[in-house]
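Q: Please take a close look at one part of this model for me. Start with the whole, then zoom in.

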Amino acid sequence: MEGHSPGRPDPAHHGRFRYGPWRGGPDPLAPPYDVRAALDEVGREVLAGGSAREALQELMRRGMDGRGGLDQLADRIRRMREAARRRGDLGGTLDQVRAMLDQALAAERDALAAEHGDAARLAEMDLATLPDDVAGAVRALADHDWHSPEAKRIYDQIQQMLRREVLDAQFAGLKQALSGQDPEAMQAVKDMLADLNALLAAHARGEDTTDRFREFMDRHGDLFPEQPKDVDELIDALARRQAAAARMMASLSPEQRDQLAQLVADAMGDADLAAEMAQLQDNLRALRPGLDRSSPVRMQGGDSLGYGEAVEAVAELADLEALSDQLAQGYAGASLDDVDVERLEERLGAAAARDFEALRQLERELERQGYLARADDGLRLTPRAVRRLGETALRRVFDHLSASGRGDHDDRQPGQADEPTGLSRQWEFGDELPLDPVRTVSNALRRNASAGMPLGGLPGEAAPAGRPAEGTRGVSLLVEDFEVVETERRTTAAVALCVDMSFSMLQEGRWGPMKQTALALSHLVQTRFRHDALQIIGFNIAARRLTPVQLAEAEPEWVQGTNLQHALMLAGRHLRRHPDAEPVVLVVTDGEPTAHLGPDGEPQFMWPPTTATVRATVAQVDELRRTGAALNVFMLGDDPGLARFVDAVARRAGGRVFTPSLDRLGEYVVADYLKARRGRR
């Protein structure tokens with residue numbers, strides 16, 4: 001479908017629009033990411049040896065198609081956090097109050113010095129005995145009989161400034177409303193607080209507060225520049241600021257914290273205002289209990305921040321910390337849905353939000369199309385995704401086979417259970433064999449001709465010479481006309497692929513080729529030889545059966561031990577479950593056996609390899625030999641001890657030893673499997 005540019009009004013035809021090809025850059029209707037390309041990129045990481053979870057995380061961190069990933073966003077957030085930490089000194093409010101107090105005291109002392117009498121001298125003595133700390137001095141001057149109107153005005157400004165800063169720190173729109181000394185403005189604030197607490201209490205009780213919230217915003221909406229859309233958004237905005245104020249206080253020294261708390265309490269001297277603010281604090285803590293209200297913040301810088309500025313700086317830093325944690329996706333069950341996109345856009349801009357939204361759409365699309373599934377520990381690959389990985393791995397193997405001159409194996413015909421022998425016989429009741437339509441119709445024709453019947457006619461009808469009789473209805477079939485095709489059962493194979501998952505496979509770069517080989521063989525069996533039974537068995541200190549999905553998601557374990565005995569034991573159980581199938585056992589390993597199961601069933605690690613481990617392993621080789629299975633070993637590396645062991649095992653089991661290079665491991669294993677099937681058919 002060709003993209004089109006937005007319609008433009010045609011000046012010649014009112015109300016009509018003219019359309020043309022899209023010429024504005026990338027197609028706006030195109031998906032943000034190529035889902036299959038993204039899955040193939042994940043697959044490359046998996047087939048190279050990484051885990052599926054790490055590959056998914058790496059894709060999300062790196063991004064693709066020219067769009068930034070989580071790492072780029074997180075790096076910008078980190079730089080903004082460092083800048084926010086250099087905003088200034090959180091204790092600047094105390095410095096600001098001290099400066100104003102010094103101005104007031106200087107003016108008062110000048111006024112007293114110009115006066116005569118005992119009252120002036122007593123007042124000077126009161127000023128001389130003021131407490132050294134700022135909060136104590138402000139409180140002691142509450143009942144002072146000021147002689148200087150200018151000093152009294154500055155002192156009153158201290159209380160007004162603190163009250164205004166505290167309220168503004170909680171409500172972003174109150175600073176402007178309280179910039180003057182209008183008593184009606186303060187009463188409006190008290191009324192708003194009473195209505196707000198009533199609204200939050202109703203919400204906490206589970207009541208429907210939709211209409212109540214609308215009425216609240218109609219009355220007080222000008223005090224909330226965030227313009228929340230519902231009660232939850234209102235609570236989020238208020239709780240965010242309250243938590244930032246608590247963290248700001250926790251970041252001060254004990255002396256600063258005590259003084260500032262005393263100043264704030266004195267500034268909120270109005271009993272009604274103090275009660276409403278205390279109730280609001282309790283409501284917000286109950287409604288948003290999970291917010292961090294106690295972690296101190298390390299701020300640097302020489303500028304002194306006022307109370308409101310300090311709270312806003314801490315709130316900004318808290319937002320950046322939360323975004324950093326969300327983008328890191330480092331916790332169990334992490335999802336891109338956890339990221340606050342609105343906050344991300346607010347901090348990083350619309351372009352960053354678009355890149356992130358495209359990344360989240362990719363994650364959702366991978367889920368919707370069945371390539372990813374959400375588990376308790378995050379997103380995981382689904383069987384459908386693993387089949388695609390197996391298809392990719394198998395295609396690589398067949399490309400190598402074709403390039404090496406071993407023939408074209410890209411046969412897309414599915415495997416079948418039965419093959420026709422070329423013979424047929426009369427149908428018998430209960431037969432499930434396929435009908436032979438040619439012989440069945442031929443039998444009917446011969447029977448009709450011998451009975452003197454026209455083609456497709458009924459007994460007694462004669463056909464004129466040279467043409468069929470009128471009204472003939474085709475060939476009539478009777479039960480004895482039916483024949484079925486005789487078939488012979490195609491030989492199926494029971495395949496046990498034992499892959500070494502010890503840590504040495506990862507250290508030597510063999511983990512990825514091992515995974516690619518196993519997934520390729522699994523896909524080959526599932527798509528071309530469906531009646532074969534494949535079991536993948538991974539082994540290190542112990543062995544375990546693996547599905548293709550489990551193999552794709554398998555991560556290296558820091559354990560010592562190569563328990564081939566346990567792997568062959570599980571392989572023997574698999575072969576015995578399919579007694580009519582041809583047994584095939586393939587082993588991929590890079591180390592001689594160093595572990596076996598003890599009498600109690602627990603794995604025992606022995607280095608260097610002991611006689612007990614070798615005997616236990618050889619005993620399982622003999623068990624497999626009795627099933628008729630040939631044990632073929634694909635030896636990686638040049639360990640002399642392993643070479644001696646596998647040569648002895650191959651002679652004992654009638655198998656073969658291969659020493660492929662890593663880039664040809666899949667080719668060797670798949671080719672050996674195909675050769676085994678052709679030889680056993």
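A: Of the 681 residues of the protein, 46% count as buried. Buried means under 20% relative accessible area, exposed means over 50%, and partly exposed lies in between (1.4 Å probe, protein chains only). This is a predicted model: local features need pLDDT of at least 70, side-chain atom pairs count only at pLDDT 80 or more, and totals for chains, interfaces and linings use all residues. Residues are numbered from 1 along each chain as its sequence is written, and side-chain values use heavy atoms, with hydrogens and water left out.

The protein has 25 helices and 14 strands. Both are DSSP runs, numbered from the N terminus: helices are H or I with at least four residues, strands are E with at least two. Take contacts between residues at least 6 apart in sequence: 71% of them join residues at least 24 apart. Here contact means heavy atoms within 4.5 Å.

Now zoom in on helix α16. It covers residues 350–368, which makes 19 residues. From first C-alpha to last, α16 reaches 26 Å, close to the 27 Å expected at 1.5 Å a residue. That expected span is 1.5 Å times one less than the number of residues. The buried residues of α16 include A352, A353, F356, L359 and L362. After the helix comes G370, with a positive phi near 85°.

Stay with R360. It is buried, because its relative accessible area is 10%. R360 forms a salt bridge with D337, and the closest N and O atoms are 3.9 Å apart. A salt bridge is a side-chain nitrogen of Lys or Arg within 4 Å of a carboxyl oxygen of Asp or Glu. R360 lies in α16, whereas D337 sits in the loop between α14 and α15 (341–348), so the pair ties together parts that are 23 residues apart in sequence. D337 counts as partly exposed, because its relative accessibility is 40%.

How does this pair compare with others? The structure holds 34 salt bridges. One of them joins R85 and E321, with the closest N and O atoms 3.8 Å apart. This pair links distant parts of the chain: R85 is in helix α3 (residues 70–85), E321 is in helix α14 (residues 307–328), and they are 236 residues apart. R85 counts as buried at 19% relative accessibility. E321 is buried as well, at 17%.

The side chains of E124 and R121 meet in a salt bridge of 3.0 Å, N to O. Both lie in helix α5 (residues 118–128), three residues apart, about one turn of the helix. E124 is partly exposed, with a relative accessible area of 30%. R121 is partly exposed too, at 31%.

Salt bridges can also join up. A network of them links R240, R241, E312, D319, R343, E346 and R347.

Just after α23, G628 takes a positive phi of about 90°.
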